[in-house]
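Try each task with the model in view before you read its solution.

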Amino acid sequence: MKLLIGLDWSKDHHHVCFMAPNGSLQASFEIPHTVTGFARLEEERAKFGVPATECLVALETAHNLVVDFLWARQYQVYVIAPTVVKGSRGRYGVSGAYTDASSAFLLADLLRTDRARFIPWRPDGAIVRQMRAKLSLIEALRKDINRWSNRLLAVLLRVYPHPIGLFSKLTTQINLHFLIAYPTPHALREMSYQEFESFGRQHGYPAAKLPALYAHLQSPRPESDPVALLAYQDEIPFLARTLLPLVQHRLQLIREVKSLFDQHPDNFIFESLPGTGDLLAPSLLVKFGDHRERFPSANIVQALAGTCPYTKMSGKKRKVLFRKACDRDFRRIAQQLAIESVKQAVWAATYWQEAYARCHKKSQAYRCLANRWLAIIWKMWQTRKPYDEEYHLKQRLLRRQPRSQKL
């Protein structure tokens with residue numbers, strides 16, 4: 001006998017439903033999110049004499065300690081999207097009312113009636129899981145760096161424009177160190193060339209470029225209002241000191257991700273793609289993961305990434321709509337690959353131009369190209385082969401030939 005288990009999780013407690021394969025309710029109870037609560041789950045299962053390997057568990061998250069507990073004891077875990085659960089509630093009533101107990105029952109019943117629609121969720125390997133955590137933090141740091149650097153740029157434009165564009169991007173480490181050392185126009189005027197030369201040498205900047213930069217800093221600029229300068233002078237070094245460790249830690253994380261990526265057996269697949277660098281290739285690998293049975297077709301990957309639209313049809317009415325329900329981070333990564341590939345792959349640039357001529361929207365054209373790339377990557381991933389530009393161009397030419405020429 002198998003047990004179908006529905007688990008409605010929350011931060012501090014979980015409601016559990018045990019169901020037999022024939023749909024009869026065997027047990028319904030609540031456990032706290034504690035060691036004692038997890039132990040009770042094991043005790044209740046043991047009462048039915050069913051080993052953990054014969055228990056199918058459905059829940060709505062893969063990121064919870066209870067999932068780690070289930071995986072460690074070899075339960076068969078199914079992660080069902082909350083939208084699927086919400087859309088299935090109408091089977092049991094039209095009022096829309098539900099409780100934790102009814103949600104757990106619904107999850108267990110979905111395993112009984114719709115199991116063929118779901119794929120058992122297996123944890124990725126240690127390398128992918130480490131990369132996923134680090135890439136998530138890298139993206140969070142990127143957003144924070146953009147937010148604080150926009151604030152810093154606005155302040156500099158208001159009272160101290162001299163350092164803008166001095167050493168490439170505002171968020172380069174040497175630029176931030178400069179703002180910490182010389183945070184006001186007064187400090188800049190007091191700086192001698194010897195001090196500036198020493199600063200450049202300390203940070204490894206080419207000595208030949210320093211005279212032109214010093215002349216740029218000393219060139220006359222419009223004077224800011226003294227009251228405004230007084231109001232903002234403390235904010236400039238604060239923002240620079242806030243940004244510097246964020247930038248440094250992000251760079252360190254990128255190096256760590258690259259080191260982990262080099263150890264993964266599938267790295268050759270993703271680094272062979274045009275336009276991928278130290279971030280895009282690992283990001284794509286993490287989204288595809290270790291288990292090829294998770295995505296039995298390219299369409300599933302494309303839908304998950306939100307690069308393909310969806311269609312609503314009824315009678316004579318037909319609508320093709322933008323896919324909002326997706327992994328938005330995956331869509332961002334796929335579109336970034338499309339943007340970079342246009343610069344390096346001739347066919348990708350041609351494909352983008354054709355898509356843009358049809359839709360007249362750049363973002364949509366890049367999304368169309370990203371959709372095509374995901375189909376290519378899925379095939380590479382399934383067959384464990386790197387990207388071959390020549391082979392791909394031959395295949396595109398073959399598909400464009402009339403059917404009579406192919407025979």
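Axes are lines fitted to C-alpha atoms, for helices over the stretch in contact, and angles run from 0 to 180 degrees between N-to-C directions. Helices (H or I, at least four residues) and strands (E, at least two) are DSSP runs, numbered from the N terminus. The model is predicted, so local features need pLDDT of at least 70 and side-chain atom pairs count only at pLDDT 80 or more, while totals for chains, interfaces and linings use all residues. Residues are numbered from 1 along each chain as its sequence is written, and side-chain values use heavy atoms, leaving out hydrogens and water.

**Exercise 1.** Describe how helix 16 and helix 17 cross.

*Step 1.* Begin with the axes: those of helix 16 (residues 346-359) and helix 17 (residues 362-383) come within 8 Å and cross at roughly 135 degrees.

*Step 2.* Next, classify the angle: under 35 degrees counts as roughly parallel, over 145 as roughly antiparallel, 65 to 115 as roughly perpendicular and the rest as oblique. Helix 16 and helix 17 are therefore oblique to each other.

*Step 3.* Look at the contact (heavy atoms within 4.5 Å). Among the residues that make it are Trp-347, Tyr-351 and Cys-359 of helix 16 and Lys-362, Leu-369 and Trp-373 of helix 17.

**Exercise 2.** Find how the rings of Trp-347 and Trp-373 are arranged.

*Step 1.* Rings of Phe, Tyr and Trp (its six-membered ring) pair if their centres lie within 6.5 Å; planes under 30 degrees apart count as stacked, over 60 as edge-to-face and the rest as tilted. By this rule there are 24 aromatic pairs.

*Step 2.* The ring centres of Trp-347 and Trp-373 are 5.1 Å apart and their planes stand at 50 degrees, so the pair is tilted.

*Step 3.* Because Trp-347 lies in helix 16 and Trp-373 in helix 17, the pair ties together parts that are 26 residues apart in sequence.

**Exercise 3.** Work out the order of the strands in the open sheet and what packs on it.

*Step 1.* Two strands pair if DSSP finds at least two bridges between them. Here 5 strands are arranged in the order 3-2-1-4-5, with mixed pairing.

*Step 2.* Strand 3 (25-32) and strand 5 (76-79) are the edge strands, each pairing on one side only. From one strand to the next, the twist averages 20 degrees.

*Step 3.* Strand 2 (residues 13-19) runs antiparallel to strand 3, joined by 7 bridges. Phe-18 stands opposite Ala-27 in strand 3.

*Step 4.* Helix 1 (residues 35-47) packs on the sheet and touches strand 2, strand 3 and strand 4 (55-59). The direction of helix 1 makes about 165 degrees with that of strand 3.

**Exercise 4.** Examine the hairpin of strand 6 and strand 7 and its 2 residues between the strands.

*Step 1.* Strand 6 (residues 310-314) pairs with strand 7 (residues 317-321) in the antiparallel sense over 5 bridges. Ser-314 has Lys-317 as its bridge partner in strand 7.

*Step 2.* Within this hairpin, Gly-315 takes a positive phi near 60 degrees.

*Step 3.* Follow the chain on to Arg-323, in the loop between strand 7 and helix 15 (328-342). Arg-323 lies 19 residues from Leu-304 in sequence and 9.4 Å from Leu-304 in space, C-alpha to C-alpha.
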